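Please open the model in your viewer and keep the selection tool at hand.

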Amino acid sequence: MAAAATKLLLTDLASSIDRVPDNYIRPEADRPNLIEVEVSDISSIPLIDLQGLSGPNRDDIIKQIGQACQQDGFFQIKNHGIPEEVVQAILNVAREFFRLPESERLKNYSEDPLKTTRLSTSFNIKTEKVSNWRDFLRFHCYPLEEYVHEWPTNPPSFRKEVGEYCTRVRELVLKLLEAISESLGLERDYISKNLGKHGQHMAMNYYPPCPQPELTYGLPGHTDQGLITILLQDDVPGLQVLRDGKWVAVNPIPNTFIVNIGDQMQAISNDKYKSIIHRAVVNCDRERISIPTFYCPSPEALIGPAMGLIDHEHPVVYRSFTYEEYYQKFWNRGLRTECCLDIFKMPLA
Ligand SMILES: O=C(O)CCC(=O)C(=O)O
């Protein structure tokens with residue numbers, strides 16, 4: 001325990017211990033129970049081929065996306081158009097970043113969740129009782145020119161490789177948002193037009209090997225606060241999705257991304273599409289890196305159910321709110337399995 005108090009980042013602590021410090025140990029009823037986890041197959045988390053989305057297969061792909069958003073809240077995509085070199089480059093940069101000397105990494109450290117570029121640990125150490133087995137670099141990346149000057153300059157290729165990756169991911173997201181709009185029966189640009197100036201945040205999650213993975217989480221069950229998340233994971237399993245009350249491991253498939261519906265999309269769709277609880281577990285052998293892109297509204301954007309989705313059978317579920325209001329609540333309450341959206345529910349008539 002003495003070591004825990006002297007290190008700000010888990011990365012610098014994990015390599016020197018052979019037991020999980022007390023502040024990372026979950027109460028018994030809230031542990032990962034790794035033996036009971038199922039492994040995903042195509043029938044549990046759909047894999048959608050985006051080839052032809054702008055051509056002859058569009059209607060069919062949109063149907064698949066709509067079904068996945070409604071039934072699963074999670075899907076995987078292949079033939080997404082982002083070159084393999086761009087993906088490998090960002091994974092390499094992330095790995096290099098977390099291997100930098102502690103003093104170099106700490107230049108980016110902050111415990112303020114509202115800071116737009118920061119390295120931190122766990123989730124929100126100011127509010128949580130038990131820590132998570134994760135360090136993370138989180139940063140805003142759209143509009144790129146407003147944020148790129150805040151990003152780390154070490155590794156030296158960081159800004160170039162990450163800038164390229166996030167520009168490509170944004171192009172992919174815009175195509176997916178059009179497809180999702182259409183799948184809801186809305187105008188193709190409905191969602192995009194309702195996000196204000198748009199926002200894009202990224203995280204690089206670093207989960208060091210853990211001596212007792214059965215006692216703690218990389219990240220406990222939570223939903224994502226944004227609109228959709230595009231998750232890139234390296235080749236080490238760790239992501240699990242809650243499906244019909246059971247945890248399902250979504251193991252990495254090369255050259256794919258995982259897409260999940262976030263809370264804002266659930267609100268816009270008036271609960272038709274679900275923001276699903278997921279978590280990250282850790283293992284004792286290998287470090288793991290995951291890189292989620294959280295695509296989101298800009299802070300002043302007013303979010304609420306689309307009028308076209310409200311009728312007698314589907315009464316309005318949420319009041320309108322600004323994304324700024326949502327974002328502050330999300331960070332302040334800590335990660336929980338109850339979705340932060342519940343706070344914005346309309347009172348029952
Ligand atoms: O590491 C993962 O696979 C999940 C990451 C995640 O859920 C998050 O960063 O919110």
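Begin by selecting Leu53, which is buried, with 21 other C-beta atoms within 10 Å. A residue is called buried if 20 or more other C-beta atoms lie within 10 Å of its own, exposed if 12 or fewer, and partly exposed in between, with C-beta atoms placed from the backbone. The model is a predicted one, in which local features need pLDDT of at least 70 and side-chain atom pairs count only at pLDDT 80 or more, while totals for chains, interfaces and linings use all residues. Residues are numbered from 1 along each chain as its sequence is written.

Leu53 belongs to the loop between strand E2 (47-49) and H3; helices (H or I, at least four residues) and strands (E, at least two) are DSSP runs, numbered from the N terminus. Display its contacts next: leaving aside residues up to four places away in sequence, Leu53 touches Arg58, Ile61, Lys175 and Ala179. Two residues are in contact if their C-beta atoms, placed from the backbone, lie within 7 Å.

Now select helix H3 (residues 58-71) together with H7. Their axes come within 9 Å and cross at roughly 80 degrees. H3 is therefore roughly perpendicular to H7, a term that covers angles of 65 to 115 degrees. Axes here are lines fitted to C-alpha atoms, for helices over the stretch in contact, and angles run from 0 to 180 degrees between N-to-C directions. On the H3 side, Ile61, Ile62, Ile65, Gly66 and Cys69 meet Ala179, Ile180, Glu182 and Ser183 of H7. The residues of this contact divide into six nonpolar, two polar and one charged. In this scheme Ala, Val, Leu, Ile, Met, Phe, Trp, Tyr, Cys and Pro count as nonpolar, Asp, Glu, Lys and Arg as charged, and the others, Gly among them, as polar.

Centre on Val259: not counting residues up to four places away in sequence, Val259 touches Phe75, Ile77, Leu176, Ile228 and Ile230.

Proceed to the ligand. Among the residues around it are Asn205, Asp224, Gln233, His278 and Ser290, a residue being near if its C-beta atom, placed from the backbone, lies within 6 Å. Strands E6 (199-207), E8 (228-233), E12 (278-280) and E13 (288-296) each supply at least two residues of this shell. The shell comprises six nonpolar, five polar and one charged residue.

The last stops concern the backbone. Most residues other than glycine have a negative phi, and most peptide bonds are trans. Select Tyr142 and Pro143, which are joined by a cis peptide bond with omega about -10 degrees. Asn154 and Pro155 are likewise joined by a cis peptide bond, with omega about 0 degrees. Finally, compare Ser122, which has a positive phi of about 65 degrees and is buried, with 23 C-beta neighbours inside 10 Å, and Asp244, whose phi is near 50 degrees and which is exposed, with 7 C-beta neighbours inside 10 Å.

Conventions
Parallel < 35°, antiparallel > 145°, perpendicular 65-115°, else oblique.
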